[in-house]
Amino acid sequence: MKLLIVIVQNKDANKLQNAFAKSNVHQTKLSTTGGFLKSGNTTFMIGIEDNRVQDVLDIIKKVSSKREQYMTPPVNLDGGVSDASYPVKIEVGGATVMEMPMDNFYRF
């Protein structure tokens with residue numbers, strides 16, 4: 001058994017949860033915040049058999065897309081002029097997946 005911790009942007013969370021349901025992948029969904037954008041994320045915790053890990057990873061890759069967006073860095077308040085005050089293009093989305101061995105899994 002493995003424990004997968006999957007972190008995606010909120011924008012991808014519902015599509016991913018639906019894809020998990022269609023593939024009979026049981027998960028626990030947590031609302032989280034993180035990253036340098038301090039944006040809303042969703043974390044899924046999944047207990048899965050070793051032979052199904054790749055199937056779950058394939059679902060995540062298919063559903064969680066990377067995309068580009070513009071962000072304006074914080075303004076420099078010390079009065080100096082900085083090029084950093086212009087919007088910059090950054091890559092967001094995708095997924096972060098952590099895989100850990102799990103000794104026991106109980107469902108009551």
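How much accessible surface does the chain have, and what percentage of it belongs to carbon and sulfur atoms? I looked this up before anything else, keeping in mind that the model is predicted; the accessible surface comes to about 7500 Å², and 53% of it belongs to carbon and sulfur atoms.

Overall layout. I counted 2 helices and 6 strands, which follow one another along the sequence as β-α-β-β-α-β-β-β. Of the 108 residues in the chain, 29% are buried. Among contacts with a separation of 6 or more, I found that 68% join residues 24 or more positions apart.

Helix 2. I then turned to helix 2, residues 53-63, where the buried residues are Val53, Val56, Ile59, Ile60 and Val63. Looking down the helix axis, I see these buried residues fall within an arc of 125°, so they line one face of helix 2. The face turned away from that buried side carries the exposed residues Lys61 and Lys62. As for partners, the buried residues of helix 2 pack against strand 1 (2-9), helix 1 (10-22), strand 3 (39-48) and strand 6 (95-101).

The core. I next looked up the largest nonpolar core, which has 16 residues, and noted that Val6, Leu16, Phe20, Phe44, Ile46 and Val56 touch the most other members. At least two residues of this core come from each of strand 1, helix 1, strand 3 and helix 2, and helix 2 gives the most, with 5 residues.

Val56. Finally I checked Val56 in helix 2, setting aside its neighbours within four places in sequence, and found it in contact with Leu4, Phe20, Val25, Ile46 and Ile48.

Definitions and conventions: Residues are numbered from 1 along each chain as its sequence is written. This is a predicted model: local features need pLDDT of at least 70, side-chain atom pairs count only at pLDDT 80 or more; totals for chains, interfaces and linings use all residues. Side-chain values use heavy atoms; hydrogens and water are left out. Buried means under 20% relative accessible area, exposed over 50%, partly exposed in between (1.4 Å probe, protein chains only). Helices (H or I, at least four residues) and strands (E, at least two) are DSSP runs, numbered from the N terminus. The arc is that of the directions from the helix axis to the C-beta atoms. Contact means heavy atoms within 4.5 Å. A nonpolar core is a set of buried Ala, Val, Leu, Ile, Met, Phe, Trp, Tyr and Cys residues joined through side-chain atoms within 4.5 Å. Accessible areas come from the Shrake-Rupley method with a 1.4 Å probe; for residues, only the protein chains shown count as cover.
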